[in-house]
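Hi,

Here is the structure I promised to pass on.

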Amino acid sequence: MEQYSVTGMSCAACSARVERAVSGVEGVTACSVSLLTNSMRVEGTAPPQAVIAAVTNAGYGAAVQGENTPPPSDDALRDTETPKLRRRLIVSLILLLVLMYVSMGSMLGLPRVYAGYPAANGILQMLLSGIIMTVNQRFFISGTNAVLHRAPNMDTLVALGSVTSFVWSTAVLLETAVSGTEGQLYFESAAMIVTLITLGKLLEARAKGKTTDALRGLLALAPKTAVIETDSGEQEVPVDRVQRGTVFLVKPGAQIPADGVILSGAGAVDESALTGESIPVDKTAGDSVSAGTINQAGFLRCEATRTGNDTALSQIIRMVQETAATKAPIAKTADRIAGIFVPAVISVAVLTAVIWLLLGESGSFALARGVAVLVISCPCALGLATPVAVMVGSGVGAKNRILFKTAASLEETGRIRTVVVDKTGTVTEGKPRITDLLPASGISEETLLRAAAAVEQHSEHPLAKAVMALAAERGIEPEAVTDFAAEVGNGVHAVCNGHMLSAGSLRNGALPDDIRNVAESCAASGKTPLIFRRDGQYLGMLAAADIIRPDSRSAVQTLRAMGISVVMLTGDNVKTAAAIGQQAGVDRVIAGVLPAEKREVIESLKTDGKVCMIGDGINDAPALTAADAGIAIGAGTDIAIDAADVVLMQSRLTDAVTAIQLSRKTLRNIRENLFWAFIYNVIGIPVAAGVFVPLGLTLPPMFGAAAMSISSFCVVSNALRLNFFKPVQVSEKDAPAVNMQIENRKGKVETMAKKTLFIDGMMCGKCETHVQKALSKMEGVTVLSVSHTENTAVIEGENLPDEAALRAVIDDAGYELKGVQ
């Protein structure tokens, strides 16, 4: 894929002409031209020389933007067109006021210039009109060049309308000079047309300039200088002097100039520019840092690993740029119409004038109708309808730390009907945490945790790290141990203060039935029980689980409230997957799926509509590629991010919801723009042609020019409304009731019933344990949660006991069942 900059385009007909010309080059498989960013994206094997030649032959200019082309500077994105247009408009308006006084002042009761000398008055009008047309000569030069290259554009219509009025008026003036008979002059119309179109171009340029605000904001984050370490000491240099391997220094309050790794020092780095997280992240030796972030405290000595265009910030900027340069599928219809629009309008204008002449109207009347058709027609609004919305939408996404790779991905994400989420690292945090401490009778939680920390402190197992994290959280220092040993499949053991401590799973030793029932209940609810013993005697149990992210359930329920079906896809076993699925509230769980099979599942789900896959791991890459829209969690692997269409930089599932909502808003905005652009032309052209003259409705050419200017301005302004986008999170009550289906990879469906028990009498964690033990003994019952603060217990199973049986068990445990839901 190659990126090109294109010069000389002024409307949608121009971009369509360039696209057709390049698409005809041998070796080009796809071409997308953006009128908004004056850029072109070409795929295929065609050499750049052939592509540039095709653009040149079409009457425009082109240049390659190679991979090493740096991101545009802030100066390059600064609006330079508006000041030029403003100067042209001021001069034109001053002269136009004089012209209007000369031509129409007498109608307002003002003294007429050269009264009694109509030829002299007409010559003055011609001179003033000619000067205004010269000031706005850009329309005539561009329009003429377009005709010479057989690609008439919007400037051609403006030039034709203005020149026709001027030439007609000049002919009438000559007749007046010869015969002395005063005729109808249209010099003011010729000048008014180009002046009003310039006004429209000014408004449009100002509005379009605002569409790059997000990109300019990103560019403002890019550091300009760096302090590097040299043999002679510290030296401040331009950031482009920093190369891979360069050692740079970052003082408190300074920006980090390149992606790198900390060699020495420590600091608190504000990464909000990249991740959106407002709390600074503590960094020490060995940690990575990113360009554009700020070291708020401490001194850092770092080695550059990625510089220039390779940094994360540069890649984000380039991704936003490329999204704006691509074309959404919805724009293709508008482009096809724009390609034939100008020749069709010229034909309609000529036909309009001829018909009015045949109907017996005067030449001036027929001319006015034809010119009005030329100047009211607006291919520009059609051409801008999609790219301005895409540019603003992708910019708003970047502000929310959501990166759309192409305009097509921005559109496809808004059409999603099914969202498939990976479990580990997407719905869950991706690392186990201790969720339950269940000490044996007579043993305190602190005693159990101290023993667990002591025996697990030298283990590298992920569950051991979860135990150590909880101990550190509660301020427990592990005691010294000897004779530590880890046996695969048999847990670990060590000697502490003369006692043999051991940790293992359910299969490592016998357990009393009640303890085993609780352990099996934990396992059934997606947790991993760890059994601890001291000198062979049961000490207690810790349950670990890869818990769901805090925002996962909210995100899932918001998606369901939006009418989107949520499917959780995982390689885990059915019991673990079902437990996490219940907590997240998804519609469907498909468990035990291998990476290669995930792609097949995605393909099968497409029968119900567009499918989006959200994942973070290498094993998600095939599914991300197969989905209509692939969304990668930003903290995931590079392979997953490369395979996705959308990247979430903050690694929050709620951001996937925001991406879909933003995409839907952008898609709606594009449809609105296209609707008004089409309706404007459908209504405006017949009115200008005089179809409603019998009803007394006519449209002078100058009003047609004003309407044309307003149409483009309105389309751009409507797109700018996307800047006010705010993500919406709905409450769970607004989502449909969950009736989760559970499948294994063979397609077997197991429907799990779920009940919430309302229990009185629970006062503490011990009470929760008693209730959990009592319910776990019931056949076919899986205890999902017990809470003494909410006075509830949640259970599930294929055939759950009735309320009477549940009440009897709760009563036997010493509590009261108040109700079942």
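**What I found**

Ser165 sits in helix 7 (residues 154-179); helices here are DSSP runs of H or I with at least four residues, numbered from the N terminus. With a relative accessible area of 2%, Ser165 is buried (under 20% relative accessible area, 1.4 Å probe, protein chains only). Leaving aside neighbours within four places in sequence, Ser165 is in contact (heavy atoms within 4.5 Å) with Tyr186, Ser189, Ala190, Ile193 and Val371.

Before going on: this is a predicted model, where local features need pLDDT of at least 70 and side-chain atom pairs count only at pLDDT 80 or more, while totals for chains, interfaces and linings use all residues. Residues are numbered from 1 along each chain as its sequence is written, and side-chain values use heavy atoms, with hydrogens and water left out.

Next, the cores. A nonpolar core is a set of buried Ala, Val, Leu, Ile, Met, Phe, Trp, Tyr and Cys residues joined through side-chain atoms within 4.5 Å. The largest one has 52 residues, of which Val419, Val421, Met568, Val586 and Ile614 touch the most other members. Helix 25 (residues 653-689) gives this core its largest share, eight residues. Apart from it there is another core, of 39 residues, including Ile443 and Leu501.

And Val586, what does it touch, leaving aside its neighbours within four places in sequence? The contacts of Val586 are Val556, Val566, Met568, Gly581, Val738 and Met740.

Cheers

How values were computed
Buried < 20%, exposed > 50% of the residue type's maximum accessible area, 1.4 Å probe, protein only. Helix = DSSP H or I, 4+ residues; strand = E, 2+ residues; numbered from the N terminus.
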